[in-house]
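Please open the structure in the viewer and keep the selection tool at hand.

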Amino acid sequence: MARLTRAQQQERTRAAVLAAARREFAEHGYAVAKIDRIAERAEMTRGAVYSNFPTKRALYLAVLADLVERSADEAGQADGTDRTDGSDGTDAIAETAGIIGAAGRAPRPSPDSVAGSLGAFARVWLERLPLTGDSPADGHLRLRSLSGVLDDEPARTALAQTARLEALLLALALESYPPPGARRVRLAELVLTLLNGSAGLAETAPGFGDPFDVVRACDHLAGIDLADAWDPPHLPYVSPARPCDDPWTPPAEVSDRITGRRTGLGDDGVIAVLGAGRLSAAEEAVRGALPGDRVTVVVVTGDPAEIGRLVRLRVDDLTACLRRVFAPGAWPPLRLVLDDRALVAAALGLPGVGDATEAAVRVRDGRIVARAEGRGAAHAAAAAGAPDATRRGGGEA
């Protein structure tokens, strides 16, 4: 047999640890699971486990992320599509994203209404509910449960901000329906609140409620007038972006988590670098963008092992559901890059990024023509392209 390369051996070790950890968490749950037992199951030392996953929480989040990826694989196979990992071991090719089906089939169309899309989204999302016969611990894994896992303020803050980003992504897909310009973020937040609440009850009170009722409720939520308006009070006080003329040499192609495809970052538009504690600012870049702009949200963190995995888990879970419901033309009109190694940030000249980072640039003709940092930076960089430099948003990404 050919000798394994170092990278192949590392990947084999990582896969063995994940498999052992999944069995441990399924049998004992997160709180009672032991790293020593995981190492024994994987026939490795405790140190070998920690060399791949520095904490039990990091390992648990990795197990959940692996389950999400496997679920996407199974859904793709059921839909007649295929999945091939990219060079970083996490990226789906266009077939998985639904761009091209098996044997060249065109992707399925989106539902014909906001109500229909919400019902379809709820059905896909609720597939995670535990099955009859699942043990409580195994049910927690199916639910992607984070109960008792995020027990510190940075992690809870990151989860809250990631939830805001999830709502934005769902809302942008819903905004592909008429009337043009309608904002549907509050509707998306309400739907995700209902679905996450259903998951919480399924965890603490198994058997309570009917998932089909939840689907019908999500369908009917489309008819509620939430008076959703875009008017953040701080935007009039945001300092304008600084004009500049800096070279822009983007890193090699990165993964867009929405499409699952590799992409370059050389297009004209706005690149917002947001820490895990500032993800809600993504909407400011989207709303402030000019027609024809490419909006890219680059997520950074000071804790890739835990916070980075948490964001990846939630984003990949949400986008996998979106890809199963909406045709590619209705997917959120932005690129989302998880920059765990801060490669994009470094290329933009942003050293020392972390969870509180908010910085943005405007790119034009391969040059960086405006920069902004601090609260409101995403809006400032987007507005820098407007004729009066005070535009407050609503353009297409």
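How close do the axes of helix H6 and helix H9 come, and at what angle do they cross? Select residues 114–125 for H6 and residues 185–204 for H9: the axes come within 11 Å and cross at roughly 30°. Axes here are lines fitted to C-alpha atoms, for helices over the stretch in contact, and angles run from 0 to 180 degrees between N-to-C directions. Helices (H or I, at least four residues) and strands (E, at least two) are DSSP runs, numbered from the N terminus.

Before continuing, please note that this is a predicted model, in which local features need pLDDT of at least 70, side-chain atom pairs count only at pLDDT 80 or more, and totals for chains, interfaces and linings use all residues. Residues are numbered from 1 along each chain as its sequence is written, and side-chain values use heavy atoms, with hydrogens and water left out.

H6 and H9 are therefore roughly parallel to each other (angles under 35 degrees count as roughly parallel, over 145 as roughly antiparallel, 65 to 115 as roughly perpendicular and the rest as oblique). Now display the side chains of Val114, Leu118, Phe121, Ala122 and Trp125 in H6, which make the contact with Leu187, Val191, Leu192, Leu195, Asn196 and Ala199 of H9. Contact means heavy atoms within 4.5 Å. The residues of this contact comprise 10 nonpolar, one polar and no charged; Ala, Val, Leu, Ile, Met, Phe, Trp, Tyr, Cys and Pro count as nonpolar, Asp, Glu, Lys and Arg as charged, and the others, Gly among them, as polar.

Next, select helix H1 (residues 6–32) together with helix H2 (residues 35–42), whose axes lie 8 Å apart at an angle of about 145°. From H1, residues including Ala16, Phe25 and Val32 take part in the contact, and H2 contributes Arg37, Ile38, Arg41 and Ala42. The residues of the H1 contact with H2 divide into eight nonpolar, one polar and five charged.

Move on to Thr162, which is placed in helix H8 (residues 153–174). Is Thr162 buried or exposed? At 0% relative accessibility, Thr162 counts as buried (under 20% relative accessible area; exposed is over 50%, partly exposed in between, with a 1.4 Å probe and protein chains only). Apart from neighbours within four places in sequence, Thr162 is in contact with Leu279, Val311, Arg314 and Val315.

Finally, show the whole chain. The chain contains 14 helices and eight strands, and buried residues make up 49% of its 397 residues.
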